[in-house]
Amino acid sequence: MRNLLKTLLPDREMPLPILRGPFRGATVQLNPRHGFRKVFGLYEHELNGWLAEILPQVDSVLDVGASEGYFTLGCAAM
């Protein structure tokens, strides 16, 4: 099922809304074939509860540049 879904999705970067998780409502630039777990709030889902609890209490987030910036963009949208 997962492979079928990937073949149906466009294979190019595009602005996509985050549909679930602590960053719900944010828009990120992703390739849907490689980022659908992020769109559905499933990427590193173990952190979702902690992020939802802690982000309203912080003013700054430091990005160390480990990937495309999903967490940084999500934190900025909070």
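1. Tyr 70 is buried, at 8% relative accessibility. Buried means under 20% relative accessible area, exposed means over 50%, and partly exposed lies in between (1.4 Å probe, protein chains only). This is a predicted model, where local features need pLDDT of at least 70, side-chain atom pairs count only at pLDDT 80 or more, and totals for chains, interfaces and linings use all residues. Residues are numbered from 1 along each chain as its sequence is written, and side-chain values use heavy atoms, with hydrogens and water left out.

2. Tyr 70 and Phe 71 form an edge-to-face aromatic pair. Their centres are 5.2 Å apart, with 75° between the planes. Rings of Phe, Tyr and Trp (its six-membered ring) pair if their centres lie within 6.5 Å; planes under 30 degrees apart count as stacked, over 60 as edge-to-face and the rest as tilted. Phe 71 is partly exposed, with a relative accessible area of 26%.

3. How many aromatic pairs does a search of the whole structure find? The count is five. Another of them joins Tyr 43 and Tyr 70, also edge-to-face, at 5.5 Å centre to centre and 90° between the planes. Tyr 43 lies in the loop between α2 and α3 and Tyr 70 in helix α4, so this pair ties together parts 27 residues apart in sequence. Tyr 43 is partly exposed, with a relative accessible area of 22%. Phe 23, Tyr 43, Tyr 70 and Phe 71 form one aromatic cluster.

4. Helices (H or I, at least four residues) and strands (E, at least two) are DSSP runs, numbered from the N terminus. Helix α4 (residues 70-77) gives the most to the lining of the largest pocket, with four residues. The pocket has a volume of about 290 Å³. Of its 17 lining residues, the closest to the centre are Leu 62, Asp 63, Tyr 70, Phe 71 and Thr 72. On a 1 Å grid over the protein atoms alone, a pocket is an open set of points where a 1.4 Å probe fits, with protein on both sides within 12 Å along at least five of seven lines; lining residues have an atom within 4 Å of a point. The volume is the space filled by probe spheres set on the points.

5. Which salt bridge involves Lys 38? Its partner is Glu 68, and the closest N and O atoms are 2.2 Å apart. A salt bridge is a side-chain nitrogen of Lys or Arg within 4 Å of a carboxyl oxygen of Asp or Glu. Lys 38 lies in helix α2 and Glu 68 in the loop between α3 (48-54) and α4, so the pair links parts that are 30 residues apart in sequence. Lys 38 is buried, at 8% relative accessible area, whereas Glu 68 is partly exposed, at 41%.

6. The count of salt bridges is two. Arg 33 and Asp 11 also meet in one, at 3.9 Å, N to O. Arg 33 sits in helix α2 (residues 32-39) and Asp 11 in the loop between α1 (2-8) and β1, 22 residues apart. Arg 33 is partly exposed, with a relative accessible area of 25%. Asp 11 is partly exposed too, at 48%.

7. Now the strands. Strand β1 (residues 14-17) runs antiparallel to β2 (residues 27-30), and four bridges join them. Two strands pair if DSSP finds at least two bridges between them. Leu 16 stands opposite Val 28 in β2. The covered face of β1 holds Met 14 and Leu 16, and the uncovered one Pro 15 and Pro 17.
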